[in-house]
Every structure is written in structure tokens, then in C-alpha cells.
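Notebook open, structure loaded. I want to go through the charged pairs and then the sheet.

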Amino acid sequence: MSFSAYWLWLAFTIVATRAQTTKVGCVGDSITQKGDPSWPEVLSTLLGDGYDVRNFGKSGKTASFSTGDSYVSTSAYDDALEFAADIYIAQLGTNDAKVALWQRETYVNDYSTLLSTFPSQAKIFL
């Protein structure tokens, strides 16, 4: 197990309760959606029983709303909200950092607004 995977596993072990199934929603761009296996699949294996880990990644999407490729305009986002996870891991920003899309003035505000739409009781990891 890699060093970073171990620390992510440890963080979830501390935060989540094993008394019931803990729902983990993984939101992001292609880094989340793709891979063989994808990192949400690896996380699911590491966490094991007691966790329902779902991949809500969507390639090419941004945290910023005004790029034309915003994550909030996807069915993956709608599905992530409907899932009502106990924990969300958000991995967005790679596509926002492209020179043609970078909007420093709105990025942080848009990302914060996006995260605020998840259930208020959910733990969020960036």
C-alpha cells in the first residue's frame, strides 16, 4: 500500500463508524472516473466491508461554473447528491488549471459553493 493510500485509509477509519454502512461519494474529473482500477475502486477495496464507495467522476469537468464544462451540470453531480453520502472526496481542479479556463477570481468561490450543496452532515475531503 502506498504512503498516501495508507493515510487516506487511516483518515476514513478514524472518521467513519462501522456500526452501519458508511457511504462514500467520490466526485471529480477523469482522475476520479478513469483508471484500471480507478482510485475509488482501490479505496473501496482498502476500506472493505461496511463501506459503500461510489464513483461519480466525469471526465473534463471543472469546479468553476462558468467554464462551460462545470461538474454541477452533469448527471454524475445529480447522482452524487442523490446518493447522500456520509463522506465525499472531491478531486476537481485539474481542468480548471488549464490556461484557457483558469479563473482565479471565481474558482475558490465556485468550488466552495459546489461543496456546500452536499448534505450538511457529510464529511468532505479535498
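I looked up R54 and found it partly exposed at 38% relative accessibility (buried is under 20% relative accessible area, exposed over 50%, partly exposed in between, with a 1.4 Å probe and protein chains only). R54 forms a salt bridge with D52, the closest N and O atoms being 3.0 Å apart; the term needs a side-chain nitrogen of Lys or Arg within 4 Å of a carboxyl oxygen of Asp or Glu. D52 is partly exposed too, at 23%.

A note on the source: this is a predicted model, where local features need pLDDT of at least 70, side-chain atom pairs count only at pLDDT 80 or more, and totals for chains, interfaces and linings use all residues. Residues are numbered from 1 along each chain as its sequence is written, and side-chain values use heavy atoms, leaving out hydrogens and water.

How many salt bridges does the structure hold? I get two. The pair K61 and D69 also meets in one, at 3.7 Å from N to O. K61 counts as buried at 15%, while D69 is partly exposed at 30%.

Next, the sheet. I read an open sheet of four strands in the order β2-β1-β3-β4, with parallel pairing (strands are DSSP E runs of at least two residues, helices H or I runs of at least four, numbered from the N terminus; two strands pair if DSSP finds at least two bridges between them). β2 (51-57) and β4 (123-125) each have a single partner strand, so one side of each lacks a neighbour in the sheet.

I checked β1 (residues 22-28) against β3 (residues 87-91): five bridges join them. V24 has I87 as its bridge partner in β3.
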